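Please look over the structure below. A short briefing on selected features follows.

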Amino acid sequence: MTDPRYNYDPANPQYPQNQGQQPPKPAVNIGKLWAGGIGTAVVAALLVVVAIMLVRGVLGIAILSPEGAGAYGTVSTTSYAMAAAGAALLATALLMVLLLAMPSPLTFFTWICLLVTAVAVILPFTLVADMDAKIATAVINLLVGLCITTMLSSVGAAAQNDDSRPGY
């Protein structure tokens, strides 16, 4: 006679055949992905601040505000830094969707980010401003885009829980 306290269904983890087996891991470690995304957002925002201080303070090119505004500029520098952080978080959300739903997600992610970066580099040249300010803004956009792309590609690779990969 069987003990009614135990369910002898083979799907039950207490069933003798399944003892010692671990449940499968999810395909993506969401916590690791978003922690890396938040870290990338902080780095992107700080990169904007450092680049603008370099361009305004050292090179003397007035971008985002008039020349007399100092090395940091005005609130537009803060807005630019927040936009870079927002772009990194948006890219993290895109990466999560791609990791969960696409084959070769990192390839698609890299291409999408590089094309968006290309748009961000071209955009300043469509605006009315001095040519040196256009070039400086395009270079900053390029640096931020490459920063977000490379950092999140590494984060995406680390966040995948694929036990079939060699070395894991």
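Which exposed residues does the face of α3 turned away from its buried side carry? That face carries Trp111, Leu115, Val119 and Ile122. This is a predicted model, in which local features need pLDDT of at least 70, side-chain atom pairs count only at pLDDT 80 or more, and totals for chains, interfaces and linings use all residues. Residues are numbered from 1 along each chain as its sequence is written, and side-chain values use heavy atoms, with hydrogens and water left out.

**Helix α3**
- Pro105, Phe109, Cys113 and Thr117 are the buried residues of α3 (buried is under 20% relative accessible area, exposed over 50%, partly exposed in between, with a 1.4 Å probe and protein chains only).
- Seen down the axis of α3, these buried residues fall within an arc of 90°, so they line one face of the helix (the arc is that of the directions from the helix axis to the C-beta atoms).
- Their cover includes α2 (75-101) and α4.

**Pro105**
- Pro105, in helix α3, has a relative accessible area of 9%.
- Not counting residues up to four places away in sequence, Pro105 touches Leu98, Leu99 and Gln160 (contact means heavy atoms within 4.5 Å).
- Leu95 and Pro105 are ten residues apart in sequence and 7.5 Å apart in space, C-alpha to C-alpha.

**Ile135**
- Ile135 lies in helix α4 (residues 131-159).
- Ile135 is partly exposed, with a relative accessible area of 43%.

Notes:
Helix = DSSP H or I, 4+ residues; strand = E, 2+ residues; numbered from the N terminus.
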